[in-house]
Amino acid sequence: MARSSLLDGWSVGALVLAAFAFLPIATILVSAPSGGFEAISHLASTVLWRYTANTLALMAMAGGLALIVGTGCAWLVSAARFPGRSVLAWALVLPLALPAYIAAYLYADMLDFVGPVQTALREVTGLGPDGYWFPQIRSLPGGAFVLGIVLYPYVYLLARAAFAAQSLSQFRAARSLGARPTRAFWQVALPAARPAIAGGLALVLMEVLADFGVAQYFAIPTFSTGIFRSWLSMGDKQAALKLAAVMLLFVVALIILEARTRKGRAVSKDGSRDDEPLVHLSPLGKVLALLFCASPVFLGFLIPAGYLLSMSVTPAAMNAAGDLWAYASGSLWLGLGAGFLCVIAALLLAFAKARSESQLVKASIRVSTLGYALPGALLAVGLLAPLGAVDVGMTRFLRDTFGYSGGLVLTGTGAVLIYALCVRFLTVAYNSVDGGMSKIPPSFAAAARSLGAGPSRVLAKIYAPLLSRSLAAAAALVFIDAVRELPATLILRPFNLETLATRTYRLASDERLVEASIPALLLLVAGLLPVLLLTRTGKR
């Protein structure tokens, strides 16, 4: 397909999508200065520093745990041979299937004073309530543990790919020069994989910054919980927008970090790989490697999933599932709507990129795919203000022109929520579609154009059929992400809409975790699909 630097209809469509995606960011930037220095100083003297300190501490502790676990497991799986390695290589990705807020509910229930762990401890030891010390799970370190143990696969996946691509000759050259395995790891393998590890860490920090469920349940004041509290609990729209503006600074820093690490992700390809391990472990070393790699799988997936499954088969859970279809159907239509629109938008962006070399089109694609870095709470607040003004004007026009006598047209409907979900998860769909389109030879489209086919027909007859698997994968991934999204759904959902995520959140907040177990289990099962796709991709 001939690529042009001029703008056509497809390029204009990409620019329109970029404008819609940039709307919440623009709203926050415009609204931040309102109220002047007095409003900002009031926030600084009350909650701003506490939100900043807690958010940074949570990011540092969760990121540090994910960094150590993800990098350590990736190196052991790539460089050593020990019992269970082949199973753990894919099992280490399983914690991604468990939403962090569900893991928080489960660990709080297991480790609380009346939970099974402390109860068993008192029965075995005979100690009274004041006779022993037990770590408090509902705390900032507890929240960091939960987030780190379910998010470390981001680091693991990228680090493992980087380690797997390392040249054996480089590592062995270092060993032949007298370097011990530890020194060769720190001076050869780790520096080459550092960009990929930093990219995985940036993704972990984005997720921690965006987290609402864990921080809310563990009573940790962060930017996400502060925005939610200011907007919904206190009705202070300006305070919520200013907090969102400060939060946006964190987002920009993480986007820059991820972009810089992406440019540096280069690996050596001057050697060939074989089945000979880079590091030979002693029998004790093999046992320790097995324990180190198996622990995050148990802590991040098997233990909470098993506990959740045990609760979901109780009579109380079964009785509470009588209206399961009511909120499952809400999740279903929400995920289908977001998935369909995201796939259409992603196809438009990828086709515009294939047709045009315009820098404006490339910039519009970058803007359109920023949404995944935006926390759900920030996104919701950034959309409510401008859409509210548009809704008032639209309702007034319909009333004056057509005699419309109802309430606001958009506010309180699912349209705004689907819009927010599309902005948030368009990146997921675009990456899948663009990856598939890059594998289609340009000669296919060129041959069709030479026979007189226009761009629309080329897209419908050539690209769409060849991209069917990529489109299906994109729709499935967006569907699952939309079903699991919590903060944006809580803020923007219509009053009569209940989803699996909001149902789980509401019941768990009321300490009715057994009743929440079945919808939580469905969210866990849904999360297994992208994990299986990641595992399959990793094998290829």
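These legends go with several close-up views of the predicted model shown above. Residues are numbered from 1 along each chain as its sequence is written. Because the model is predicted, local features need pLDDT of at least 70 and side-chain atom pairs count only at pLDDT 80 or more, while totals for chains, interfaces and linings use all residues; side-chain values use heavy atoms, with hydrogens and water left out.

**View 1. Serine 230 sits in helix H11.**
Helix H11 covers residues 223–233; helices here are DSSP runs (H or I, at least four residues), numbered from the N terminus. Is serine 230 buried or exposed? Serine 230 counts as buried because its relative accessibility is 6%, and buried means under 20% relative accessible area, exposed over 50% and partly exposed in between, with a 1.4 Å probe and protein chains only. Beyond its neighbours within four places in sequence, serine 230 is in contact (heavy atoms within 4.5 Å) with Gly235, Asp236, Ala239, Ala240 and Leu243.

**View 2. Helix H11 packs with helix H17.**
Two packed helices are described by the angle between their axes and the distance between the axes. Here the angle is about 35° and the axes are 9 Å apart, with H17 spanning residues 376–402. Axes are lines fitted to C-alpha atoms, for helices over the stretch in contact, and angles run from 0 to 180 degrees between N-to-C directions. On the H11 side, Ser224, Ile227 and Trp231 make the contact, and on the H17 side Ala377, Val381, Leu384 and Ala385 do. These contact residues divide into 6 nonpolar, 1 polar and no charged. For these classes, Ala, Val, Leu, Ile, Met, Phe, Trp, Tyr, Cys and Pro count as nonpolar, Asp, Glu, Lys and Arg as charged, and the others, Gly among them, as polar.

**View 3. The second largest pocket has a volume of about 490 Å³.**
On a 1 Å grid over the protein atoms alone, a pocket is an open set of points with protein on both sides within 12 Å along at least five of seven lines, a cavity is a set where a 1.4 Å probe fits but cannot get out, and lining residues have an atom within 4 Å of a point. Grid points are joined across faces, edges and corners, and a volume is the space filled by probe spheres set on the points. Of the 21 lining residues, Gly72, Trp75, Leu76, Phe185 and Trp186 lie nearest the centre of this pocket. Which helix gives the largest share of the lining? Helix H2 does, with 7 residues. By class, the lining has 15 nonpolar, 5 polar and 1 charged.

**View 4. The largest cavity holds about 60 Å³ of space.**
Its lining is made of Tyr154, Leu203, Met206, Glu207, Ala210, Tyr372, Ala373 and Arg424. H9 gives the most to this lining, with 4 residues. The lining divides into 6 nonpolar, no polar and 2 charged residues.

**View 5. Cysteine 73 and cysteine 422 each have another cysteine to look for.**
A disulfide is a covalent bond between the sulfur atoms of two cysteines. With a disulfide taken as a pair of cysteine sulfur atoms within 2.5 Å, the count comes to 0. Cysteine 73 is in no disulfide, and its nearest cysteine sulfur, that of cysteine 293, is 4.1 Å away. For cysteine 422, the closest cysteine sulfur is in cysteine 342, at 4.0 Å, too far for a bond. Cysteine 73 counts as buried at 0% relative accessibility, and cysteine 422 counts as buried at 13%.

Methods. Helix = DSSP H or I, 4+ residues; strand = E, 2+ residues; numbered from the N terminus.
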